[in-house]
Amino acid sequence: MNKSILFTAAVAAAFLSACAQNKAKFSGRIDDEPAPVAVVEPKAADESAGKRVEPSFPAQPQATQAAGGDPRQVDSLLSKRLVYFDFNKSIISVEQLGIIEAHSDYLSRNLAQGVILEGHADERGSNEYNLALGQRRADAVRDIMLANGVSQEQIETISFGEENPRALGHAEEAWKENRRVEIRYRDE
Amino acid sequence: MRFVVAAAVAAAPAEAAVTIRLASGEWKPVNIEIEPFAGESGIHRPSEIVGEDLSRSGSFRAHYAPQARAHIDASTFAETRAQGREYLLAGSVFEASDGDLQIEYRLYDAVTETQLGGYQLRAPRDRLRQIVHKYISNWIYETVTGKAGVFHTKIVYVLKNQRGRYELQVSDYDGHGAQTVFQNSDSIISPTWSPDGNELLYVSFEKRRPVIYRQSLLTGRRDVVSGFSGNNSAPALSPDRRTIAAALSKDGGTQIFLVDAAAGSARRLRKSPRLQSTIETEPDFSPDGERVIFMSDESGSPQLYEINIDGGRARRLTRGYAYNASPQYASDGKSAFFLARNDAGFNIAWIDIETGRIELLTSISLADSPSPAPNDEMILFRDERQPRYLFTAAINGKVSLRWRKPAAGEIKDPAWGPLKSDWY
């Protein structure tokens, strides 16, 4: 909304400066028609075809962090979709909190957007405990999102336990990649 | 299956003795010499099947004679004794005119120089392994040790095949003769047997979340036994088959509930409220149906607990190790097998419930998924580093042996079937 106003103002300023230029050309004759200026329609959000609202952004990136950014944009914080955990733990470290908060911020301002939190564990130990651990990890990320203004209806949590590793291998290198929650946006 | 038993001495029925002797330093296996059966050939040789069965049990060490002797007499026994072998098995296998196999075998005691028994069987060729397990290996095991043999029993496990599909398979305990009873593109975990071996309970993710199914191995029919919202997993069937213990997340967290198999209603195993963040899972019923053993991390780390079905407080069983999981009762209900993590890593362990004494049964670093045999003498397990095999560990002597051949994919969640069923 803000962005389209900004755009319109820019167009208006261009229009006015163009008029000023034309007036200089046709001096003395006040009833001359100003030369037509190509009017560029401002790019509004795509509401016409009844499609889902796509987030639209200014051409220049904002100077402040991309809190209102696009989860699909490669260099934004929101492109980070993985939250990692220590062995057998579901505690979220301070470093991971920033990622979850960025997603929470986006979701709380896009209430129609759903998210799925997938919990996972590394291969060690009991299969069943790992299923429950994956669930607890997903629930932990959910709880932070709820506390940050995301609504219950937007969030679904599931667990795959140790069944869907990202990294194969039987050492810490692989295990640490697998102790994670994956943040997946619906309809992506 | 047709067979004819024409023979002499029948072994006395074995007592189900479940004392576990775990002092491996004092454990001495019985040495048995096995001759190649006259006429045996190909990949399924009776002498090898028996030798592998007896060796896996930990109670025997099998030695293979280079050839079948023409006849067995006093000098044979002297020679056998001189090599430290106490028993001798000899036999033959021939194809009858109708394509069936005729198998004959004799067990000798080299110390007393007597024949302990001799039998003759007739069976179709495709039943050879089952016949050898049930009538030769089991018989020798029972005759010498006095315990029930389990070499004829089946196991169930989940295979993740090379196309990434999950197959629920039933096979011989040594991996032969695998049959797929259910398959899915989504995960299958935690299969478990009904006490009569005719049904399986397992968890399938086909509805995009874990739901517990029951499937008859006799009819193939399957239905949902626990499909509450959230996760439904870790099923265990009570000995009277009326109750399913399961880990459910329907009320938040992961907690153990008792689900009435007929009515489908669920009640919490423990009345006292637990913290939302506690994980309580992997229940197993005691053989008399009166207690449940399970794991919980309410103390801050995964530990084993036991509780009476009819109420009361849970008793904590483990204290020594940082991580204790996957408990399963032994058949006398007085001890349990489980997975423990110590400084060396994850290993299969055993605990005496009354005294709290713990013994480790393996010494690798990434053991997983213990499942004891119905006579408590062997245990199946996995090694994460060798996911295409299963292993058996003998409780006595602690001999661990890998399956001879890898499976056609990764194997997970083995569960050992009961001693008897209607179909094996």
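**Figure 1. Strand 6 of chain B and its two partner strands.** In this predicted model, strand 6 of chain B, made up of residues 154-161, is mostly covered, with seven of its eight residues buried. Strand 6 of chain B pairs with strand 7 of chain B, residues 166-172, in the antiparallel sense, over seven bridges. Within this pairing, B:Val156 is the residue opposite B:Val170 of strand 7. Strand 6 of chain B is also joined to strand 29 of chain B; these two strands run antiparallel and share six bridges. Here B:Ile155 has B:Trp416, in strand 29 of chain B, as its bridge partner.

**Figure 2. The turn between strand 6 and strand 7 of chain B.** The hairpin formed by strand 6 and strand 7 of chain B has four residues between the strands. B:Gly164, in this hairpin, takes a positive phi near 80°.

Figure 3. Strand 25 of chain B covers residues 367-372, and six of its six residues are buried, so the strand is largely enclosed by the rest of the structure. Strand 25 of chain B pairs with strand 26 of chain B, residues 378-383, over four bridges in the antiparallel sense. In this pair of strands, B:Pro372 stands opposite B:Ile379 of strand 26. The hairpin of strand 25 and strand 26 of chain B has five residues between the strands, and B:Asp376 in this hairpin takes a positive phi near 65°.

**Figure 4. The surroundings of B:His133 in chain B.** B:His133 lies in helix 3 of chain B, which spans residues 128-145. B:His133 has a relative accessible area of 1%, which is under 20%, so this residue counts as buried. Apart from neighbours within four places in sequence, the residues in contact with B:His133 include B:Ile49, B:Asp53, B:Phe151 and B:His152. Also among them are B:Asp172, B:Tyr173 and B:Asp174.

**Figure 5. The surroundings of A:Ile155 in chain A.** A:Ile155 belongs to strand 3 of chain A, residues 155-161. A:Ile155 is buried, because its relative accessible area of 13% falls under 20%. A:Val115 is 40 residues away from A:Ile155 in sequence, yet the two C-alpha atoms are 5.2 Å apart in space. Leaving out residues up to four places away in sequence, A:Ile155 touches A:Val115, A:Leu117, A:Arg142, A:Met145, A:Leu146 and A:Val150.

**Figure 6. The interface of chain B and chain A.** Chain B gives 32 residues to the contact and chain A gives 21 residues. The two chains bury about 2,300 Å² between them, with 50% of this area on carbon and sulfur atoms. Of the area that chain B buries against chain A, 21% is supplied by B:Ile279, B:Tyr323 and B:Glu384, more than by any other three residues.

Figure 7. Three salt bridges are found across the interface of chain B and chain A. A:Glu163 forms a salt bridge with B:Lys412, and the closest N and O atoms of this pair are 3.7 Å apart. Several strands of chain B each supply at least two residues of the side that touches chain A, among them strand 9 (188-193), strand 13 (232-237) and strand 29 (409-416). Strand 21 of chain B gives the largest share of that side, three residues. By class, this side of chain B has 14 nonpolar, nine polar and nine charged residues.

How values were computed:
Residues are numbered from 1 along each chain as its sequence is written. Chains are lettered from A and ligands numbered from 1 in the order in which they are written. This is a predicted model: local features need pLDDT of at least 70, side-chain atom pairs count only at pLDDT 80 or more; totals for chains, interfaces and linings use all residues. Side-chain values use heavy atoms; hydrogens and water are left out. Contact means heavy atoms within 4.5 Å. Buried area is the accessible area (1.4 Å probe) that two parts lose on being put together, summed over both. A salt bridge is a side-chain nitrogen of Lys or Arg within 4 Å of a carboxyl oxygen of Asp or Glu. Ala, Val, Leu, Ile, Met, Phe, Trp, Tyr, Cys and Pro count as nonpolar, Asp, Glu, Lys and Arg as charged, and the others, Gly among them, as polar. Buried means under 20% relative accessible area, exposed over 50%, partly exposed in between (1.4 Å probe, protein chains only). Two strands pair if DSSP finds at least two bridges between them.
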